[in-house]
Amino acid sequence: MRKTLSALAVLVALLCSNTLFAASPAQPKKYRTALLDRFLEYVQVDSQSQYGKFYGDWVMTEEVAKAGELLYQEISGILSKNNAKSSIHFSQDKYIYVHFPSNLPEGLQNVKVPVLGLSAHYDTTPEAPGKGIKPQVIKNYQGGKVVVNAQENIVLDPQTTDVYLNQLIGQTIVTSDGTTILGADDKAGTAIVVTTIQTLAENPNIPHGDLQFMLVPSEDVGLAAHRVETQYYKPEISFDFDGEVEGEISDESFTAKGFVVTLRGRAAHPSEAMAQQGVEVSEVLGTFLQQINQATDLKPNQSADREPYIRFPFGEIKKGDEAESVVLQGYARFFTEQEWERMKALVTNTIEHLNLAYGTQNEVVIDEACQYKNLADGRHPLTKSIIDKAARDAGVTPRYVTIRGGITPGMLNARHGISGMGVWTGQQRVHSVYEWLSEKDMFEAYSTALNIIHETLQQSLTEDKAKKDLKAALRSIKK
């Protein structure tokens, strides 16, 4: 009985503190160094994803597979070394899942704490050079331009393109050598998640509910959720660490759906095309794109903020017995169902027009399944209050942003109904050789991750039944 009461006393003390580390102030500094060292190590491991021919084609590069194996080995070693009460699973698709079961002491087992999930992706973008990354660490930044690569004239300028540098005087920043990306997207998030796992493994007295962690490949090609195994990752509240500047939290995002359009010509020998009523598929294609682009307010370069757009970036020519055909894969990005209905009508009406005008059998397949879904849809009601308090306790003022793109929580929401928010990591100028990282922002995000664990438990105790359980536990301690 004394053992149980002691555990409850520790729990109550920790729940009443502002941060998880209130009783041990030396730990943040220790883990801050480990966090940066881990990030610098990770970015030097090649892990570029690769696009398939069409969206949804699963391509696993050797580099990504190897990076996943190294991460799995590292995390397994951390858990084993500390004899942590946890489990780890490494799937054949290179997803890494870590589970810490609830460690609430006897007497609070009836408290309903939502399952919490924290995630990040460890692959990097294929859209810029990303092999052989050589990070450059600039400590105690004193202001002014940062010459990343003089020969290539790669410069960070706080007066124009990199104004956030003005807020980082005296801080540490990290760049690449200017010939590649840095890989902060999302090796910063990966370092945050792994360091959080390490912290829990080395400090088993930190109270928490059921915790699930996941590190994923293929996010930078839009497929982060495609091979998720929900028996290992199905949180009720989730946060993905894959964002930019301090305090920036992705609150809302595009929903993404798609089209597959097949356009057909009519075969004829070019010299007899008029007599044989031949139709070149290139003419059908040109007319289709022209009519789609007439909706100028739906063009990507004419939309901003919460405005939708539609585009057809992927195409493949196929030769048949009668004539060539072109298969186009297009996609729509929108915030409301009315916008989606308008884009569907635009495409289907255009196909009907082509069939009448050319007498060919053109067709469209509408993909109603989301590629990713608005982060705000279906989210647990405690999500925003948890991240708000967690960020503020880390000394950060949260800023909620709407993003014109898709991140892991949106992909998870579309395929598995796992909604959440995206959290900053300090990454800047991503998908380019100008990419850089604010070490301070990364550390504050790590501190926020720990506070999220604390707040998920703390705010669960606001329910009436939980309050009664806690009061009963306090009465037992007093006796």
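User: Are Tyr309 and Tyr331 buried or exposed?

Analyst: This is a predicted model. Buried means under 20% relative accessible area. By that cut-off, Tyr309 and Tyr331 both fall in one class: buried.

User: Tyr309 and Tyr331 form a ring pair; of what kind is it?

Analyst: A pair of aromatic rings is described by the distance of the centres and the angle of the planes. For Tyr309 and Tyr331, the centres are 6.5 Å apart and the planes stand at 65°. Planes over 60 degrees apart count as edge-to-face. So the pair of Tyr309 and Tyr331 is edge-to-face.

User: How many residues apart in sequence are the parts that Tyr309 and Tyr331 tie together?

Analyst: Tyr309 belongs to strand E12 (residues 309-319). Tyr331 belongs to strand E13 (residues 324-334). The pair therefore ties together parts whose separation in sequence is 22 residues.

User: How many aromatic pairs are there in the model?

Analyst: Two rings pair if their centres lie within 6.5 Å. By this rule, the number of aromatic pairs is 14.

User: What kind of pair do Trp58 and Tyr95 make?

Analyst: Their ring centres lie 6.3 Å apart, with the planes at 15°. Planes under 30 degrees apart count as stacked. So the pair of Trp58 and Tyr95 is stacked.

User: Where do Trp58 and Tyr95 lie, and how many residues apart in sequence are the parts they tie together?

Analyst: Trp58 is in the loop between helix H2 (27-43) and helix H3 (62-81). Tyr95 is in the loop between strand E1 (87-90) and strand E2 (96-100). The parts tied together are therefore 37 residues apart in sequence.

User: Which residue lies over the face of Phe335?

Analyst: A charge over a ring needs NZ of Lys or CZ of Arg within 6 Å of the ring centre. Here the distance from the ring centre is 4.5 Å. The residue over Phe335 is Arg306.

User: What pLDDT does the protein chain average?

Analyst: A pLDDT of at least 70 is reached by 86% of the residues. Over residues 17-26, though, pLDDT is below 50. Residues 474-479 stay under 50 as well. The chain average is 88.

Conventions. Residues are numbered from 1 along each chain as its sequence is written. This is a predicted model: local features need pLDDT of at least 70, side-chain atom pairs count only at pLDDT 80 or more; totals for chains, interfaces and linings use all residues. Side-chain values use heavy atoms; hydrogens and water are left out. pLDDT is the predictor's confidence in each residue, from 0 to 100. Contact means heavy atoms within 4.5 Å. Rings of Phe, Tyr and Trp (its six-membered ring) pair if their centres lie within 6.5 Å; planes under 30 degrees apart count as stacked, over 60 as edge-to-face and the rest as tilted. Helices (H or I, at least four residues) and strands (E, at least two) are DSSP runs, numbered from the N terminus. Buried means under 20% relative accessible area, exposed over 50%, partly exposed in between (1.4 Å probe, protein chains only). A charge sits over a ring if NZ of Lys or CZ of Arg is within 6 Å of the ring centre and within 35 degrees of the ring normal.
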